[in-house]
Amino acid sequence: MITNQIMKRPLADFTVEQRTKDAFFNASDLLRQWNSAENLNTQKNGDFKNKDIDDYFNNKATKQFIKALCEEEGFTKTHPAWVSTRGKNGGTWMSPLLFIDFAMWLNPVFKVKVLRFVTTKCLHIAMKQATLINSYLLP
C-alpha cells in the first residue's frame, strides 16, 4: 500500500495540494482560495459571483473533455478521473490533466498563469534531463 502525503505546490498566487499516492490535486481547496481572493470574481457589472465546481462539471466543454480524457487515459468508474471525499483532506481531487483544465476554467488571466506554470515546469524538467545526458556524453 502506498503511503499518502499531501504536497503543497505553488500555482500563481495560490498554493495547491497534491496527493502522492495518485498525483491528484485538490480542486476544492483551489476553489476555496479563488473565491476568497479579492476582485477575482467581479463581473463586468461590478457584482461579485463565486465560482462553483458544479458549474465546471455541468459545462458542455468540460463533459466533452472528461469523455476524451477517460478514453485517452483509461479512467473508468472503478478508476475515475476525479473523486470527492469528506473529512480530513477531503474535497474534490482531480487527475493532473483534469485539474489543469479546471484551473484554466476559473479565469482567462489565470489560464495564462496556469499554462505558464505548466510550460515552465516542463522546460525545467527537459533542461535537467539534457544536462544529465550531456554530462554522460561529454568528457
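Contact, as used in these legends, means heavy atoms within 4.5 Å. The structure is a predicted model, in which local features need pLDDT of at least 70, side-chain atom pairs count only at pLDDT 80 or more, and totals for chains, interfaces and linings use all residues. Residues are numbered from 1 along each chain as its sequence is written, and side-chain values use heavy atoms, with hydrogens and water left out.

View A. Arg19 belongs to strand E2; helices (H or I, at least four residues) and strands (E, at least two) are DSSP runs, numbered from the N terminus. At 9% relative accessibility, Arg19 counts as buried, a term that means under 20% relative accessible area, with exposed over 50% and partly exposed in between (1.4 Å probe, protein chains only). Leaving aside residues up to four places away in sequence, Arg19 touches Asn4, Gln5, Ile6, Phe24, Val83 and Trp93. Its side chain also makes a polar contact with the side chain of Asp22, at 2.5 Å. A polar contact is a pair of N or O atoms within 3.5 Å; within protein, one must be able to donate a hydrogen and the other to accept it, and residues adjacent in sequence count only if both atoms are side-chain atoms.

View B. Strand E1 (residues 6-11) runs antiparallel to E2 and is joined to it by 6 bridges; two strands pair if DSSP finds at least two bridges between them. Lys8 has Glu17 in E2 as its bridge partner. The hairpin has 2 residues between the strands, and Ala12 takes a positive phi near 55 degrees.

**View C. Val16 in strand E2.** Val16 lies in E2, which spans residues 14-19, and counts as buried at 2% relative accessibility. Not counting residues up to four places away in sequence, Val16 touches Met7, Lys8, Arg9, Leu11, Phe25, Leu30 and Phe99. Val16 and Asp29 are 13 residues apart in sequence, and their C-alpha atoms are 7.1 Å apart in space.

**View D. Helix H1 and its N-terminal cap.** Because 7 of the 10 residues of helix H1 (residues 27-36) are buried, the helix is largely enclosed by the rest of the structure. The buried residues are Ala27, Asp29, Leu30, Leu31, Gln33, Trp34 and Asn35. Asn26 caps the N-terminal end of H1, with a side-chain oxygen 3.1 Å from the backbone nitrogen of Ser28.

**View E. Glu73 in helix H3.** Glu73 is part of helix H3 (residues 60-73) and counts as partly exposed at 46% relative accessibility. Glu73 and Leu97 are separated by 24 residues in sequence and by 9.7 Å in space, C-alpha to C-alpha.
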